[in-house]
Each structure stands twice: as structure tokens, then as C-alpha cells.
There are 2 protein chains.
Amino acid sequence: VQVLIEGLRRGDTGAVARLITLVEEQGTEGRAAVAALFPATGKAVSVGLTGPPGAGKSTLVNCLVDRYRRRQSRTAVLAVDPSSPVTRGALLGDRVRMSADHGNGVFFRSMASRGSAGGLSAATSDALLLLDAAGYEMILVETVGAGQGELAIAECTDVVVLVLTPHSGDLIQAMKAGVAEVADLFVINKADLPGAAETRRNISQALRWRSQHRLGREPVVLTVSAEKEEGLDALVTAISATYTHLQDSGLLEQRHRARLEHQVTARIREAIWERSHAWLARDPFMQEQIERVLRQEVDPYSAAEAVVQQYVGGVSAGMGGGAAEGGREASGL
Amino acid sequence: VQVLIEGLRRGDTGAVARLITLVEEQGTEGRAAVAALFPATGKAVSVGLTGPPGAGKSTLVNCLVDRYRRRQSRTAVLAVDPSSPVTRGALLGDRVRMSADHGNGVFFRSMASRGSAGGLSAATSDALLLLDAAGYEMILVETVGAGQGELAIAECTDVVVLVLTPHSGDLIQAMKAGVAEVADLFVINKADLPGAAETRRNISQALRWRSQHRLGREPVVLTVSAEKEEGLDALVTAISATYTHLQDSGLLEQRHRARLEHQVTARIREAIWERSHAWLARDPFMQEQIERVLRQEVDPYSAAEAVVQQYVGGVSAGMGGGAAEGGREASGL
């Protein structure tokens with residue numbers, strides 16, 4: 001890991017790629033790398049692009065990458081697939097092709113869920129920190145395919161862009177998935193298709209229903225055509241303007257804080273479980289409860305509650321005045 | 001809840017449906033219902049049907065339902081969608097139509113993820129217990145769409161049927177997703193399409209590579225055509241034969257045990273987290289660590305570790321000889 005960390009610091013993209021594989025695995029090595037590189041983070045801008053499959057997100061990302069490159073921004077792309085591993089092969093195929101198109105200038109990486117959806121958003125947050133530490137100034141995070149974790153992944157970034165098509169169902173689906181709630185910028189791609197103006201009106205109307213948007217102002221709605229390269233400079237400008245607004249309003253700091261707090265809490269959750277799990281595996285009371293469930297003497301939920309009570313009861317009883325630091329009450333377990 | 005439980009016992013399908021909504025929400029009411037009805041469970045046979053989208057699972061389920069009805073088995077269908085809520089609307093549409101087709105004889109219910117994928121498989125296990133207690137003898141669990149949780153949901157059932165088409169990519173994708181590993185029975189649907197014989201050979205070959213199958217024998221591979229109603233009686237026979245094999249070999253009991261153990265453990269995990277979470281929210285040390293992360297004085301992982309250490313350290317120190325029951329060591333937390 002140390003060698004890889006030094007490689008990343010020297011700008012070796014191979015080292016960056018291998019470190020991202022480590023955070024994807026969510027093990028101790030990945031955590032060690034993030035821990036070591038964390039002080040070097042804090043400079044990158046991250047933009048999440050989300051939306052239904054077929055909205056043309058990859059084409060749009062390609063266009064944005066070209067523009068950021070022309071502006072001399074060191075750019076990286078994370079294509080994150082929160083959907084089933086079943087479709088992974090095909091998507092990776094597209095990705096590899098896309099990666100090749102961009103040549104050396106841009107770091108490209110796809111990430112897929114290896115475990116839970118929660119694990120993937122933790123891995124995405126970690127990958128963003130690694131890319132930030134590696135000196136990438138603009139990081140585009142594209143969610144590939146719709147999945148459980150789409151929303152969680154969009155929320156790992158500073159600015160959330162929702163990409164829709166003039167197809168009227170897109171907005172309804174995005175609202176159902178909760179993605180419309182967190183979008184800072186709405187982009188109607190394929191604006192040359194019929195219905196673009198109507199979709200735009202529908203979005204504006206839907207936004208007006210909301211009394212308070214988390215952006216503190218109404219999000220901008222843009223129509224673009226990635227295929228025809230139309231409206232893309234306006235999109236780049238709108239992304240910058242949104243970022244500046246987030247910065248000036250203090251919202252960026254709030255989001256940053258919420259993200260880090262979430263990251264710490266998620267890790268605490270895992271660590272507590274790792275320890276409890278090891279303990280439960282060799283707990284005779286737990287085994288006894290399982291036997292009782294099998295004999296239908298007790299139901300699974302009452303058995304679980306009994307184990308937790310036993311566990312917490314023991315802890316509370318033993319705590320007394322024992323907990324030293326900070327005067328915390330461990331009985332709250 | 002008590003009224004609904006009595007309703008379920010009387011055979012009121014409306015009560016069953018409302019109780020399933022409660023377990024879908026994974027709250028205290030749903031848990032109370034499962035706890036109350038658990039002693040009445042243990043008679044149903046559950047069959048999971050999984051496979052790629054477009055394999056014709058719903059048509060196949062329709063055909064199976066007809067056959068089980070003719071055999072006077074009280075039958076229920078759970079269509080579980082572990083994929084994104086984005087596509088939920090459309091799928092529910094199909095489901096409602098299908099539900100109507102079957103009239104009164106069959107209980108039909110679709111379930112979608114309202115939270116994590118893990119939550120959905122817990123909800124599915126609970127719904128199976130409710131349907132079992134309600135007296136359904138045959139419960140078909142169909143996973144709708146491919147998703148993170150497909151595998152976990154298939155594993156909630158006694159017999160796992162993997163439905164494929166003659167399309168060569170299906171098997172590869174199922175193997176990638178790990179579903180081929182847990183399948184007890186392979187069904188090649190749409191057997192009238194070209195490639196069925198080849199797919200069958202490929203599956204048999206792939207199965208032979210495995211030295212040990214979890215079934216203790218090689219799984220049966222069938223070709224059917226749900227559309228043309230071909231091979232369906234053979235499928236019903238194969239499902240029964242597989243169930244009998246599982247019963248005779250002791251594997252059914254093993255699986256049953258593993259499922260209940262998993263259910264208890266998952267609930268313990270949630271309960272421990274609910275309590276830790278409440279405690280962390282008002283822990284000044286935790287807040288201090290978050291501030292330090294924001295100032296980049298410490299990385300998120302070291303901060304999490306410090307909080308857990310503090311927590312566990314306090315608990316261990318306080319435990320001493322305090323833990324009364326069973327002589328367990330709480331220092332293992």
C-alpha cells in the first residue's frame with residue numbers, strides 16, 4: 001500500500017487505479033490508503049451525473065470531459081454501477097471503449113458493487129478522496145444504470161446533475177426514486193426530440209410545487225444535445241455557477257460536513273458490527289436461542305431481542321462508574 | 001395489528017396483504033405480527049424463481065400457479081423487485097394485471113425495496129412466514145428484474161429455480177451474479193428458440209466443472225416453453241422431486257436452520273445499531289472527532305476507530321466481573 005500511495009503522489013495513474021480497487025474491496029488496506037492521503041484532499045470539485053438508463057449520460061460525460069480538458073482542468077471520471085452485477089459485463093465493455101477514446105489526459109475508472117449498495121457509496125466516497133489527493137481538479141461521477149444506490153452515490157458529490165430526456169416518464173421516475181429532490185441542476189438531453197419544451201415546463205412546474213429546495217433557490221433547467229454538441233458550454237457555465245452558489249451560501253460546507261459525518265458513522269457501524277459478530281459467533285446464549293427458534297419455542301424477533309437484552313443488560317450492569325473518559329454513559333448502548 | 005392477525009387466521013386475504021405491507025416497512029408492528037404467527041408456521045413449501053429479465057419468469061409463474069391450483073394446493077405468489085424504485089411503476093402495472101388474471105383462488109403480492117437490499121430480503125422472509133401461517137401450501141417467490149438482492153431473495157426459499165433462455169449470455173450472467181451457484185433446478189424457457197440444446201449442454205458442462213454442488217447431486221436441467229405450455233408438468237414433477245431430495249438428505253433442515261439463524265443475526269445487527277446510533281448522536285467525543293475530521297486533523301477512518309475504541313474500551317473496562325448471566329465476556333464487543 002505504501003508503494004501505491006507514493007505512486008499516487010508522483011502522479012502514477014496505475015497506482016491510482018490499484019488504490020481504487022482496494023477501496024472498492026472496502027478492506028483494511030483501502031482504509032489505510034484513504035487515511036494516509038486524507039490530509040492531501042480538499043481541492044477537487046465533484047459533479048454527479050445521474051438519471052435513467054438511456055438518457056445519454058455517458059455521451060454527455062464525454063462532452064464535458066472534452067470541455068474540462070480544454071480548460072486545462074485535470075479531470076477524472078468515475079462510472080459507478082449500483083445495479084446488479086448481472087449486467088456488469090456489458091457496461092464494462094462500453095466503459096473500456098470510452099476510456100480508450102480519451103487517451104492519456106483523463107483518468108477513467110468504472111466501479112461496480114461488490115457487496116451491498118451501502119458499500120458502494122462508501123467506496124465511491126473513498127475513491128473521490130483518492131482522486132482528490134491525486135490532484136484531479138474536476139471529478140465527474142456518473143451512475144451507470146438505475147439501482148438502489150443511485151441516490152446515495154449522487155449524494156457523494158458536490159453538485160448533482162439530473163439528466164433526463166424529453167420522454168415524459170423520466171421525470172416521474174426520477175421523482176419516485178427521490179433523485180429529483182437532490183438535483184441541483186436539471187439537464188434535458190436529446191433536446192432535438194419532440195417534447196423537450198413540454199418536459200422543461202413540467203420540471204419547472206414540479207419545482208415550483210416545492211416550497212423549499214435544498215439549493216436555497218430554484219435549480220436551473222437546461223436543454224442540451226450531447227450528440228449534436230448543443231448547449232454544452234451553457235451546461236459547463238451552469239455547473240460552475242451552481243458550485244459558486246453552493247460555496248457562497250455555505251451549503252457546500254454543510255454538504256461536505258454531512259458527507260464526512262456519514263462516512264465516519266458508516267464506518268463506526270461496520271466496526272461495531274464486526275466486533276459484535278465475532279462475539280455472537282461464540283456466544284452460547286445466542287446458539288441456545290437459535291435452537292429454540294428451530295423448535296418454534298420462540299420467534300426470530302423475540303430471540304434477537306433476548307440476545308441484545310442479554311448483551312446490553314450485561315454491559316449496563318457492568319458499567320457502573322467504570323467508564324472513564326468524557327463522563328459518557330455506556331448504558332446508552 | 002391484533003385485528004389483522006386474527007383476520008389472517010380466519011383466512012382474510014385483505015389482512016394478509018396489510019400485514020405484508022407492515023413487514024415491508026420493517027418496523028415494530030411487522031415484527032410483532034411475525035412473532036405472534038411464528039408458532040403457526042412450518043408447513044409451506046417455498047420455491048424461488050430467479051433469472052435475467054426477459055426470461056419469461058412471470059409467464060412461467062402463471063403456468064405453475066394454474067397447475068398447483070388444479071392440484072388443490074393453496075398457492076401464493078410473491079413478486080419481489082430488488083432493483084431500483086425507478087422502474088417500479090411499470091413492473092407493478094404488469095403485476096396488477098397478472099394478479100387480476102388469477103381471480104380469487106391465488107394470493108398475489110408484489111414487494112419492492114423500500115430501503116436497503118438487506119431490508120428487502122428480511123421483509124421477504126417475514127412475508128413467507130406470514131403466508132405460511134395463513135395456510136398457503138405452495139409459495140412461489142419470483143424476483144422481478146435483476147438486482148443486488150436477487151441472490152439474497154432466492155435464498156429465502158426452499159427450492160431455487162433458475163430460469164434462463166437459449167440466449168448464451170444468460171448463463172454467463174447468472175454465473176457472474178452467483179445465482180447459478182445456488183440453483184437447485186435449471187429451466188431453459190423459450191425452448192422453441194434456436195440454441196436451446198446448446199444452452200442445455202453448456203449448463204451441463206458448467207455443472208460438471210463443479211466438484212461439489214450444494215444440492216449433493218447434479219441439478220436437473222429442463223427445457224420448457226411457458227408460452228406453448230410445453231414441459232410444465234415435468235417442471236412441477238422436478239420441483240417436487242428436488243424438494244423430496246432436500247428433505248431426505250437433511251439439506252432442507254440445514255437450509256431452514258441457516259435461514260432462521262440469518263434472520264435472527266440480521267435483527268440483532270439492526271437492534272445493536274439502533275441502540276449505538278442513539279448513543280452516538282449525543283456523544284460529545286463523537287462530535288469532537290467529526291470536527292477534527294472537518295479540520296483535516298484526522299481522517300474519517302481513524303476517527304471512526306477512535307470512537308469505537310473509546311466505546312469498547314469503556315465497556316471492557318467497566319465489565320470486570322460485572323456481567324452476570326452465562327459467564328460471557330463482554331470484552332468481545
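Mentor: Four bridges link β1 (residues 45–50) of chain B with β5 (residues 159–164) of chain B, and the two strands run parallel. Keep in mind that this is a predicted model.

Trainee: What makes β1 and β5 of chain B a pair?

Mentor: Two strands pair if there are at least two bridges between them. β1(B) and β5(B) have four bridges, so they count as a pair. Within β5(B), B:V160 stands opposite B:G48.

Trainee: What packs on the sheet?

Mentor: Helix α4 (residues 57–70) of chain B does, touching β1, β2, β4 (138–143), β5 and β6 (185–188) of chain B. The direction of α4(B) makes about 175° with that of β4(B).

Trainee: What is the strand order of the open sheet in chain B?

Mentor: The order is β3-β2-β4-β1-β5-β6-β7, seven strands with parallel pairing.

Trainee: Why are β3 (107–112) and β7 (220–223) of chain B called edge strands?

Mentor: Each of them pairs on one side only. On average, neighbouring strands of this sheet are turned by 20° against each other, direction ignored.

Trainee: Where does α2(B) lie?

Mentor: Helix α2(B) lies across β2 (75–81) and β3 of chain B, at about 15° to β3(B).

Trainee: Why is A:T165 called buried?

Mentor: Buried means under 20% relative accessible area. A:T165 has 9%, so it is buried. A:T165 sits in the loop between β5 (159–164) and α8 (168–176) of chain A. Leaving out residues up to four places away in sequence, A:T165 touches A:G54, A:A55, A:D170, A:I188, A:N189, A:K190 and A:T199.

Trainee: What makes A:L151 partly exposed?

Mentor: Partly exposed lies between the 20% limit for buried and the 50% limit for exposed. The relative accessible area of A:L151 is 25%, so A:L151 is partly exposed. A:L151 belongs to helix α7 (residues 150–154) of chain A. Beyond four places in sequence, A:L151 touches A:A177, A:G178, A:V179 and A:V182.

Definitions and conventions. Residues numbered from 1 in each chain as written. Chains lettered and ligands numbered in written order. Predicted model: local features only at pLDDT ≥ 70, side-chain atom pairs only at ≥ 80, totals over all residues. Heavy atoms only, no water. Buried < 20%, exposed > 50% of the residue type's maximum accessible area, 1.4 Å probe, protein only. Contact = heavy atoms within 4.5 Å. Axes fitted to C-alpha atoms, helices over the stretch in contact; angles between N-to-C directions.
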